[in-house]
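The questions below ask how the labels for this structure follow from their cut-offs. Each reply sets a value against its definition.

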Amino acid sequence: MPTTTIAGHAVEVNDEGFLTRPDQWSDDLGTELARLIGIELTADHWKLVHFLRDDFAHQGETATLRRVSTQTGTPIKSLFDLFPGKPAKKMAYVAGLPKPKGCV
Amino acid sequence: MTTHADQTTPFVPRFDAPESQGRKLAIICSKGNLDMAYPGLILANAALGEGVETHLFFTFWGFDMINKKTSGDLKFTMLGNTATHLPQGLGGIPGMTHLATSQMKKAIAELDVPEVPEFLDQIVGSGGHLWACRMSADMQHLTEGDLRDDVEGIISASDFIELTEGAQLLFI
């Protein structure tokens with residue numbers, strides 16, 4: 001696995017740049033990951049990122065956009081506003097998780 | 001082992017790479033069966049999640065997907081569908097289409113995939129555009145009032161071709 005240094009931490013990433021070890025993630029690192037993709041995290045972002053972390057811990061896979069929306073009660077449109085363009089992948093990246101596998 | 005650790009720039013996914021900007025997808029939905037409604041919806045949803053501008057054009061039987069009366073009541077039938085690998089005669093038994101539809105809806109719900117109306121809500125919420133075919137509306141004597149409120153217009157085939165200039169196109 002390649003490694004890269006983010007905010008002074010050496011972390012393992014895959015060939016796309018997603019973190020491969022969820023245990024190497026922290027809130028500080030999340031802030032920096034978001035900054036690197038042009039997002040400044042607000043309380044609304046954090047709520048979703050922490051949901052993704054908790055859900056991954058229980059389900060063993062990254063929640064799809066639909067799951068994030070239904071489980072957190074956040075309208076899909078807001079998810080696109082908070083993480084523009086590719087919300088599911090960007091959210092997963094900031095949360096230090098693999099991109100979601102589900103189709104919907 | 002590749003190491004990026006000694007580089008000053010962290011290795012970050014290229015989410016907004018310039019070469020992936022400006023991509024457009026047009027999906028023509030021409031079927032009104034439950035099983036044939038989903039491919040277009042799933043692909044539209046996936047494209048939107050990848051930041052692709054997406055337009056759906058509903059035509060002929062595809063109108064059932066956006067007609068408020070039928071959208072939540074699409075059916076799946078075994079008749080004429082050899083992919084069920086069951087004797088075709090079974091499909092003609094009264095109640096069989098109802099049963100097959102319920103089974104399929106259950107299987108879809110188990111995957112946490114929404115029903116057609118809610119799926120279209122999600123697609124519109126994701127920035128997708130819904131368009132209805134002028135000729136189909138005229139044939140079925142339907143107006144905008146019969147369709148979902150978020151259908152942006154009843155337009156001609158030429159209009160659709162014009163507004164999806166440069167798009168990749170799927171016919172379903």
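A residue is buried if 20 or more other C-beta atoms lie within 10 Å of its own, exposed if 12 or fewer, and partly exposed in between, with C-beta atoms placed from the backbone. The model is predicted: local features need pLDDT of at least 70 and side-chain atom pairs count only at pLDDT 80 or more, while totals for chains, interfaces and linings use all residues. Residues are numbered from 1 along each chain as its sequence is written, and chains are lettered from A and ligands numbered from 1 in the order in which they are written.

Q: What percentage of the residues in chain B is buried?
A: Buried residues are 31% of the 172 residues in chain B.

Q: Why is B:V113 called buried?
A: B:V113 has 20 other C-beta atoms within 10 Å, so it counts as buried. B:V113 lies in the loop between α3 (96–110) and α4 of chain B; helices (H or I, at least four residues) and strands (E, at least two) are DSSP runs, numbered from the N terminus. Its C-alpha atom is separated by 9.6 Å from that of B:Y38, 75 residues apart along the chain.

Q: What does B:V113 touch, not counting residues up to four places away in sequence?
A: B:V113 touches A:V104 and B:I108. Contact here means that the C-beta atoms of two residues, placed from the backbone, lie within 7 Å.

Q: Why does B:L142 count as partly exposed?
A: B:L142 has 18 C-beta neighbours inside 10 Å, and therefore counts as partly exposed. The loop between α5 (134–139) and β4 of chain B holds B:L142. Leaving aside neighbours within four places in sequence, B:L142 is in contact with B:F63, B:N67, B:A137 and B:L147. The C-alpha atoms of B:L142 and B:I154, 12 residues apart along the chain, are 9.9 Å from each other.

Q: What makes α5(A) mostly covered?
A: In α5(A), eight of its eight residues are buried. They are A:P87, A:A88, A:K89, A:K90, A:M91, A:A92, A:Y93 and A:V94. The cover includes α1 (27–36), α2, α3 and α4 of chain A together with α1 of chain B. A:G96, whose phi is positive, near 70°, follows α5(A).

Q: Which residues of α3(A) are buried, and what do they pack against?
A: A:L65, A:R66, A:R67, A:V68 and A:S69 are buried in α3(A). The buried residues of α3(A) pack against α2, α4 (76–82) and α5 (87–94) of chain A together with α1 and α4 of chain B.

Q: Why is α2(A) called roughly perpendicular to α3(A)?
A: The axes of α2 (residues 43–59) and α3 (residues 65–72) of chain A come within 11 Å and cross at roughly 105°. That makes α2(A) roughly perpendicular to α3(A), because angles of 65 to 115 degrees take that label, while those under 35 count as roughly parallel, over 145 as roughly antiparallel and the rest as oblique. Axes are lines fitted to C-alpha atoms, for helices over the stretch in contact, and angles run from 0 to 180 degrees between N-to-C directions.

Q: Which residues of α2(A) and α3(A) meet?
A: A:K47, A:L48, A:F51, A:L52 and A:D55 in α2(A) meet A:V68, A:Q71 and A:T72 in α3(A). The residues of this contact divide into four nonpolar, two polar and two charged. The classes are nonpolar (Ala, Val, Leu, Ile, Met, Phe, Trp, Tyr, Cys and Pro), charged (Asp, Glu, Lys and Arg) and polar (the others, Gly among them).

Q: How many residues does each chain give to the contact between chain A and chain B?
A: Chain B gives 22 residues and chain A gives 28 residues. On the side of chain B, α1 (34–49) and α4 (116–125) give two or more residues, and α1(B) gives the most, with four residues. That side divides into nine nonpolar, 10 polar and three charged residues.

Q: How does the radius of gyration of chain B stand against the globule rule?
A: Chain B has 20 Å, but a compact globule of 172 residues would have a radius of gyration near 16 Å. The radius is taken over C-alpha atoms, and the rule is 2.2 Å times the number of residues to the power 0.38. The C-alpha trace of chain B spans about 70 × 40 × 25 Å along its principal axes.
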